[in-house]
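Please open the model in the viewer and follow the stops below in order.

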Amino acid sequence: MIYLIIFLLVLVGLFLLSRINLLGRKIALYVILLVIAAIMLMPFYMMFVMATHTTTEIYSFPPALWFGSSLVENFKNMIEAVNFPKAFFNSCFVTITYVVLVLFFCSIGGYAFAVYDFPGRKQLFTVLLATMMVPWVAGCIPWFIMMSRFGWINNFAALIIPGCANAFGIYWMRQYCQNNVPVSLMEAARIDGCSEWTIFFRVIAPILKPAYASLGIMQFVNVWNDFMQPLMILREQDKQTLPLMLKTMVSDRGTDYGAMMLASTCAVLPLLIVFLCASKYFMSGLTAGAVKE
C-alpha cells in the first residue's frame, strides 16, 4: 500500500511538473523514460545478481538485490553439470554460419526483386509473401520428414540450410533496395563496364550496410534462442546448443539455480554484445536509407 501511494505521488508530481513549461515537460518525459528503461533492464540485472548467489540465497526473502560471493562456486557447478564450452561453440557455429548465409542469399534475392524486371516477378513475390503467413509450427512435421530423408538428423545442416534464403529476409532486403538503391548509380556502373556481380558487391553491398545490420541482428537473436528445431534434430549431447543445454540443467531431483543463472547470463551476453556493436546501423536501417535519389 505504501509503494502504491508513493507511485501515485510521483505521477502527480510529474504531471504538475509537465504543466509548468517546456523544460518541465522535458524533465518529466526523461524521468518517465528512465523509469521504463529501469523496468525493462531489471530482469537482466536480477539474472546477473542471481548468478553470484547459491540456490538457498536465491530463494531467501527478501531477495538479494546485490551481487554475492558464489560466482566461482556456481561456475564450477555449471562446468560439472554440463559441457558449457561445447554448447557455446555449437551455438556460435550454427548462428554465425546461418546469419552469414542469410545476409548473402537474402540480399541477392531482395536485390533481384527490387531491380530486375523479369517475367512473373510480381506473382513470385506474392507467393513468397504468402509463405510468411503460414506459422512454422504448421510445417514442422513435413520439415522434420524432409530432414530425415536428407539424412540430416543430428546434423547442423538441418538448422542452417533450409532457412538461409527465408521469405522475411528477402522481403526486408527488397524493400530497402527499392527505397535506397539509386538506379542512376547502377547505370553509371554499367557504363563503366562493371558486371552485374561487380555492381552488387562493390556498389550495392556498401549501401546495404544498415539493412545487413538490422536483418543480421534479428536473425542472430532468432537462431541463438531457437529451442524447438535443435530439440527435434540434435540427438547427441556433444551437439547440443545453449537452449538445449539449459534445459538439461533442470532436474526433478533438484536444480542448481545459481549455476543455471550463470549459464543463462553467459548465453545472454553474446546477444547484448552483438546488439550494442551493431545498434547504430540497426537504428538507421529501421528508420532511414543510406543513399537517396
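Select Phe-104, Phe-105, Tyr-111, Tyr-116, Trp-197, Phe-200 and Phe-201: ring pairs join these residues into a cluster. Rings of Phe, Tyr and Trp (its six-membered ring) pair if their centres lie within 6.5 Å; planes under 30 degrees apart count as stacked, over 60 as edge-to-face and the rest as tilted. The model is predicted: local features need pLDDT of at least 70 and side-chain atom pairs pLDDT 80 or more, whereas totals for chains, interfaces and linings use all residues. Residues are numbered from 1 along each chain as its sequence is written, and side-chain values use heavy atoms, without hydrogens and water.

By the pairing rule, the count is 18 aromatic pairs. Next, keep Phe-200 and Phe-201 selected: their ring centres are 5.2 Å apart and their planes stand at 85°, so this pair is edge-to-face. Phe-200 is buried at 3% relative accessible area, while Phe-201 is partly exposed at 43% (buried is under 20%, exposed over 50%, partly exposed in between, with a 1.4 Å probe and protein chains only).

Now display the whole chain as a cartoon. It shows 15 helices and zero strands (DSSP runs, H or I of at least four residues for helices, E of at least two for strands, numbered from the N terminus). The radius of gyration is 25 Å, well over the 19 Å from the globule rule for 293 residues, so the chain is more spread out than a compact globule; the radius is taken over C-alpha atoms, and the rule is 2.2 Å times the number of residues to the power 0.38. Along its principal axes, the C-alpha trace spans about 70 × 65 × 35 Å.

Finally, colour by burial: buried residues make up 38% of the 293.
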